Amino acid sequence: MARVVALSGRVVLNSGQSASRAWLVDGRLTLRDPAGAGSAESRGAGAPDAELTGWFYPGLVDVHCHIGLGSEGPVARETAVTQARADLAAGTLLVRDAGAQADTHFLDGRGDVPVIIRAGQHVARPKRYLRHLAVELDEAADLPEEVARQARAGDGWVKIVADWIDRSAGQEAVVAPLWEPAVLADAVAAAHEAGARMTAHAFSTEAIGPLLEAGIDCIEHGSGMLEEHISEAAARGVAVTPTLVQSANFAEFAAAGQAKFPAYAAQMRWLYERRFALLAQLVDAGVQILPGSDAGGTLAHGTLPDELALWAEAGLSAGDIMDFATWRARAYLASGPGAGAVQAGATGLIDGAMADVVHYEQDPAELLAAGALTPTTVVRAGEHSGA
Ligand SMILES: [Zn+2]
């Protein structure tokens, strides 16, 4: 006999529509009562095996989560599994890795980790990013070719580093662009030609205009975006991953750099101070914001709920946060080219499909306000993996 889990409360589907009741029949979502008339043969009328009440979503989506990344180089397979399971336990069921040195395709098809959409390895210039993380190009002109190569290694995304501190400028050093606008435009074209979308790390204001002009699909951090950039991003349908957990560290970065790089310190303090207002501006302008923990390297895995709690602190409503962080982010990832997009669209909460569900017994609005969006139950590929 099939195992039936009854869900009641608010069940939000991949489409954004919601139902007050749904059932998991051997892990498969159905919106029709399996004990009801006409379907009794699948089970026999009677009580479900388990009942869950509360709020149900097709999982949190973390679009900036470096599974497989290590500060000294690619991590061992078991470390990648540990990272991915920490994210799953936090309720994250879909990840875009936003750049990692390790190939984590061995995790595909496993039910104990999130679905992962890969973006190859970061592409940067020598001394213009954190050591050991990126492919470092001696010749900036090689960017389009390298982007095409990373597109083949990924699942429909490529990630470049668009700005970083240029220490060669000494006292005057600030976070500044790595690439000329023309090479950026060629690189985005190369990504698109290879069947991938492109996203870019950008802290500074100066990096944003050329990225938008080049036709970038998505911006990571975007902490220096001005009003003109925000309206341009909205008009072009460019999504932004605000990473407030990361920008909370900017004041510390400023303090650490003050003596040697005062201009950089001033820049980072300005970016730090505007971070909450910027998030509100992005949402008001109609930019699709994407949830990203930036886990990996220095930040811990499983911290996406902390990011969303900061969104609440910045003044976003709980309803908007849960929409942006679940079905809207999933729809965005599913909307593009590549194998990852297909997987994003085929998993989650779809009537008739194996279910990926995150369940909160308590109202997510209360959990967010308390800074603790901890799931009650996590179901991945129809299997309960936490309670
Ligand atoms: Zn990152």
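Me: In this predicted model, at what angle do the axes of helix H7 (residues 250-257) and helix H8 (residues 262-273) cross, and what orientation does that give the pair?

Reply: The axes cross at roughly 165 degrees and come within 8 Å. Axes are lines fitted to C-alpha atoms, for helices over the stretch in contact, and angles run from 0 to 180 degrees between N-to-C directions. Angles under 35 degrees count as roughly parallel, over 145 as roughly antiparallel, 65 to 115 as roughly perpendicular and the rest as oblique. H7 is therefore roughly antiparallel to H8. The crossing is left-handed, a term used if the near helix is turned anticlockwise from the far one by less than a right angle, with clockwise giving right-handed. Residues are numbered from 1 along each chain as its sequence is written. As the model is predicted, local features need pLDDT of at least 70 and side-chain atom pairs count only at pLDDT 80 or more, while totals for chains, interfaces and linings use all residues.

Me: Which residues make the contact of H7 with H8, and what is its composition?

Reply: H7 supplies Phe250, Ala251, Phe253, Ala254 and Gly257, and H8 supplies Tyr264, Ala265, Met268, Arg269, Leu271 and Tyr272. Contact requires C-beta atoms, placed from the backbone, to lie within 7 Å. The residues divide into 9 nonpolar, 1 polar and 1 charged. Ala, Val, Leu, Ile, Met, Phe, Trp, Tyr, Cys and Pro count as nonpolar, Asp, Glu, Lys and Arg as charged, and the others, Gly among them, as polar.

Me: Why is H5 called oblique to H9?

Reply: The axes of H5 (residues 227-236) and H9 (residues 275-285) come within 9 Å and cross at roughly 40 degrees. That angle makes H5 oblique to H9. The crossing of H5 and H9 is right-handed. Ile230, Ser231 and Ala234 of H5 are in contact with Gln281, Leu282 and Ala285 of H9. This contact holds 4 nonpolar, 2 polar and no charged residues.

Me: What handedness has the crossing of H11 and H12, and which residues meet there?

Reply: The axes of H11 (residues 318-334) and H12 (residues 339-346) come within 7 Å and cross at roughly 145 degrees. The crossing of H11 and H12 is left-handed. Arg330, Leu333 and Ala334 in H11 meet Gly340, Ala341, Ala344 and Gly345 in H12. The contact divides into 4 nonpolar, 2 polar and 1 charged residues.

Me: Into which domains is the chain divided, and which elements of domain 1 touch domain 2?

Reply: An automatic or database domain assignment gives the bounds: domain 1 covers 4-57 + 349-386 and domain 2 covers 60-338. Their C-alpha centres lie 32 Å apart. The contact takes 20 residues from domain 1 and 18 residues from domain 2. On the side of domain 1 that touches domain 2, helix H13 (364-369), strand S17 (377-380) and strand S18 (383-386) each supply at least two residues. Helices (H or I, at least four residues) and strands (E, at least two) are DSSP runs, numbered from the N terminus. H13 gives the largest share of that side, 4 residues. That side of domain 1 divides into 11 nonpolar, 6 polar and 3 charged residues.

Definitions and conventions: Two residues are in contact if their C-beta atoms, placed from the backbone, lie within 7 Å.
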